[in-house]
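Dear colleague,

I am passing on a structure that you have not worked with before.

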Amino acid sequence: MSQKSVLFDAPGPRARRRIAVGNVVGTLVVLGIAALVAVALANRGQFAADLWSPIFTTSAWQDYFIPGLQNTLRAAGYAVVGAVVFGLIFGSGRLARVGAVRWLSGVVVEFFRAVPVLLMMVFFWLLFGYNRISDDPAFLAVVIALILYNGSVIAELVRAGVGNLPKGQSEAGLAVGLTGGQVLRSIQLPQALIAMLPALVSQLVVVLKDTALGQIITYNELLRAAQIFGNGNSNNLQTLTIAALIFIIINWALTAVARWLSRYLSGRTSGATATGPGIGNPTAVAGKPGGPGNAIAATGDPSAT
Amino acid sequence: MGDFLSQFGELFAAYDVPGAFWVNIQLTFWAAIFSLILGTVLALMRISPIASLQWAGATYVNILRNTPLTVIMTFLFLAVWTQLQISLSDDFAQNFFRFGVIGLTVYHAAFVCESIRSGVNTVPLGQAEAARAIGLSFLPAARLIILPQAFRGAIAPLGNTLIALLKNSTVVVAVSVSTETSTLMREMIESNANFIYAIFMIFAIGFAVLVIPIGLLTTFLSNRLAVRR
Amino acid sequence: MRTRHAGAATLAALTALTLAACGGGEVGGGGDEETGGSGGDETIKIGIKYDQPGLGYQDGSEYTGFDTDVARYVAEKLGYSEDQIEWVEAPSANRETMLQTGQVDMIFATYSITDERKEQVAFAGPYFIAGQDLLVAEDNTDITGPNDLEGKNLCSVTGSTSAQRIKDEYATGVQLVERPSYVECVTALTAGQVDAVTTDDIILAGLAAQDANKGKVKVVGNPFSEENYGVGLPQDNDTCEDVNAAITEMIEDGSWEEAVTANTEGTGYTPNADLNPPTPDACA
């Protein structure tokens, strides 16, 4: 890795010695901090067997972690499908030829990107509850809030994806006699969607993480299941750790899939594939693919929400 | 209508809405500064020649970026405050506010790091080669040549991270900060359910008013400061 | 053409994920299956606490505690057998909302009858009278009542009135922290980060008796309020009288006494005999 970088010369014997020393020191510092925390936690009895053993029982997984994970995935699944539909509608809306449609779509997208997801969840939860819209207002609130926010992000991805296609694509379409709408549907959107796929998978990470906000409005997702289980055994910290590990592993895998897709698909569309959706303004992220030969670092994917 | 307005006026006289927004703004302000510092350090680690630092930086980013912010906040309360007994102030409100800042900082630093790395990507290869050619070693090259250009190229993703940070500052409710906007909105709706739409719109518009200028400013700055190539 | 395949594959994968995830999970075990029991298909949704040993506690797929015992008795008198009860967790902060919104039909969750709450929901009962008290570390001798909390750290659950009452009426200089559950509060207490946890004595007794806390904490035993535990009902209910009749019957036939004893065994707790058993108030 290091010898390929262009940021520093290939290290000579002295530099290599210094790097070796740096490696040892760096490793020691990292391990030292970890050990310090571990010792402090051990002193507080946080590794005691009776705090951990309840987690490794059938009931813990059958009654808490797995149903919780199911609820997390269920909310995330509905939210992703809904967000893609929402994104396609409003993303196309922002590219429409009618000014009013463009304007309206713009307002909707900008508004829902600006409002915190938690605020939307709390609002919809209370709203659905008061109006008795659903038996499970917490679930519906989580899904709708995630659709509105992530759908708006995807709408921007659609717009950016189409905007990043070479102009020749639409010109060629118009030249063979297609109408503007036909060019969008049969030439631009399909290519933009391919370019978007990695970003879409990254967005799935965002959705999964945000389902955890459902805990605050009492949606029984993974984090809340872990909390309820922890309450029964006075081991909230330990169950939280397990829930965190599950989240990290799933999201890590999804991030890897996104990276792989991005590599696999680059060059298969005339648009640039972006690994990351960006949070507010994907145009800027996708619109600035580094020039050729920029091997300094891998592309970042700032998929924070 | 007049009746509605006067009741609505009373409602906002009874609750300190600007105060709640002010809490979120303060949280965002401090967390933005600290996560910019931490994120820059992480980015330097990830592009440094020392493998253990690269590994540590990458591991940090991969773990923090993939953990829900709610989990980080709850972890701060249960592990750092309760078990490790680290208090940041004798005053509870201050203490949990500072934990809120820390939670926001460690989470968003991962995204700042990735933004800066994407900024580094916009720096042409020739710049780095030229820096090496004139004999600069890694840190001087990074400080004098790479990072100044990388920051200018990273303004757009950094701006997005700032917007995310402002919105995420509502999640500090999970570390017992009870004066911020999402808590106040919930309190207000629960005791004034007939104003639910109006209350939500006030908070939503409040955030839009804060977020949209940041977005515009970022776009303006990134166009203005982008290194022309 | 490979492009299209990859795209289709990814979309298929996303769809598969969605479909696989379609069935929701029932957190806390399958004890509350909605499939009808032997009687009618009607079910009744009862809100209880899941994290209060001795009162409302979820143990795998079992639900135990005094609140659940009263709930079962009342539900039976209303014509619902045990397998027609759908238990729902009702955290303190959400009780009014859950009733107003029809997420539950009734709530047995250490729910004190207050005038403020009566503006939003209706109550049957009371079926028990507890008193607010303090839980402190076993070796703590300087906190004997709420007035001693000046300058101390106090923990309670989100949305509960008990902590605010201490701040308003007894010790204005007390520092409050609110958590989603009492268990997190007690953990903070045993770790020494807060000086006291406050809520009703019977709840504190149940927490003190948990394995993890035995010998580490004690109930101060100086109750300074009367908490009338009522059955939370929606304001437009037609069951209040029936619930009250069931509670009276439970007290008269001895099941009430039995339930109290069974659920407070070993905690060294005895309910205030002057106030218990209570007489249900007239329905509004």
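What follows is a short account of what was found in it.

This is a predicted model, in which local features need pLDDT of at least 70 and side-chain atom pairs count only at pLDDT 80 or more, while totals for chains, interfaces and linings use all residues. Residues are numbered from 1 along each chain as its sequence is written, and chains are lettered from A and ligands numbered from 1 in the order in which they are written.

Between chain B and chain A, 71 residues of chain B and 65 residues of chain A take part in the contact (two residues are in contact if their C-beta atoms, placed from the backbone, lie within 7 Å). On the chain B side, helix H10 (residues 196-225) gives the largest share, eleven residues; helices are DSSP runs of H or I with at least four residues, strands are runs of E with at least two, and both are numbered from the N terminus. That side of chain B consists of 41 nonpolar, 23 polar and seven charged residues, where Ala, Val, Leu, Ile, Met, Phe, Trp, Tyr, Cys and Pro count as nonpolar, Asp, Glu, Lys and Arg as charged, and the others, Gly among them, as polar.

Chain C is assigned domain 1 (44-130 + 227-264) and domain 2 (132-219), with bounds that come from an automatic or database domain assignment. The centres of these two domains of chain C, taken over C-alpha atoms, are 24 Å apart, and their contact takes 13 residues from domain 1 and 19 residues from domain 2.

Best regards
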